[in-house]
Amino acid sequence: MVAIDYGVKRNILRLLSDAGCAVTVVPSTASAEEIFALKPDGVFLSNGPGDPAETGKYAAPTIRALLDARMPLFGICLGHQMLGLAVGARTLKMPQGHHGANHPVKDFTTGKVEIVSMNHGFAVDRDSLPANAKETHVSLFDGSNCGIALSDRPAFSVQHHPEASPGPRDSHYLFKRFVGLMDEAKKG
């Protein structure tokens, strides 16, 4: 699989590897053609710093091309925001960002509350999500969007950092979920 590096944390790469992935890291400016040439089973959209709207100027077109090819995608933090922008959603500057551990987030797909780490000052605007993007996670502190999944593409993302393990392993299932998407894509 390919990891697009917007500022990736080493522990994310370790957890992807632990989940059975052979990871190739490419720079944030890699084109869809460069990524397709590596013949990945899936693409990871990493975390990173900065204003998502600025990063989205060059990242969103690449992600849209990956989505059009039905490439399995998984995004964390800035990667979540990039997926949101790629499908036509907006991002908002939060009045007060989320930083640190012990943030409760509800996963609507499992019904569970996870204790997660966060480090962001922007959020995906749930009111701008297109019909094919379902909200999967929400912050129980302020109700902001913390995850989406696409109904018509094998793609999902979360705002929090599952690799930070404050729960300690509450969110590690997300890495297995991504591997499952790649396995399904290979079969079909």
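A residue is called buried when its relative accessible area is under 20%. Keep that cut-off in mind as you look at this predicted model. Cys77 has a relative accessibility of 3%, so it counts as buried. Cys21 comes in at 11%, so it is buried too.

How many disulfides does a search of the whole structure find? The search turns up 0. A disulfide needs two cysteine sulfur atoms within 2.5 Å. For Cys77, the closest cysteine sulfur belongs to Cys146 and sits 10 Å away, which is too far for a bond. For Cys21, the closest one is in Cys77, 20 Å off, so that pair is too far for a bond as well.

## The overall fold

The chain has 5 helices and 9 strands. Going along the sequence, they come in the order β-α-β-α-β-α-β-α-β-β-β-β-β-α. The radius of gyration is 15 Å, close to the 16 Å from the globule rule for 188 residues, so the chain is as compact as a globular protein of that length.

Buried residues make up 53% of the chain. Among contacts with a separation of 6 or more, 66% link residues 24 or more positions apart.

## Inside the cores

The largest nonpolar core holds 28 residues, and Val43, Ile63, Leu67, Leu73 and Leu83 touch the most other members. Elements that each supply at least two residues of this core include strand 1 (2-5), helix 3 (52-68) and strand 8 (145-150). Another core, of 20 residues, lies apart from it, with Met1, Leu15, Phe44 and Val179 among its members.

Take a look at Leu67: leaving out residues up to four places away in sequence, its contacts include Leu73, Leu83, Val87 and Leu150.

Notes
Residues numbered from 1 in each chain as written. Predicted model: local features only at pLDDT ≥ 70, side-chain atom pairs only at ≥ 80, totals over all residues. Heavy atoms only, no water. Buried < 20%, exposed > 50% of the residue type's maximum accessible area, 1.4 Å probe, protein only. Core = buried A, V, L, I, M, F, W, Y, C linked by side-chain atoms within 4.5 Å. Helix = DSSP H or I, 4+ residues; strand = E, 2+ residues; numbered from the N terminus. Contact = heavy atoms within 4.5 Å. Rg over C-alpha atoms; globule rule 2.2 N^0.38 Å.
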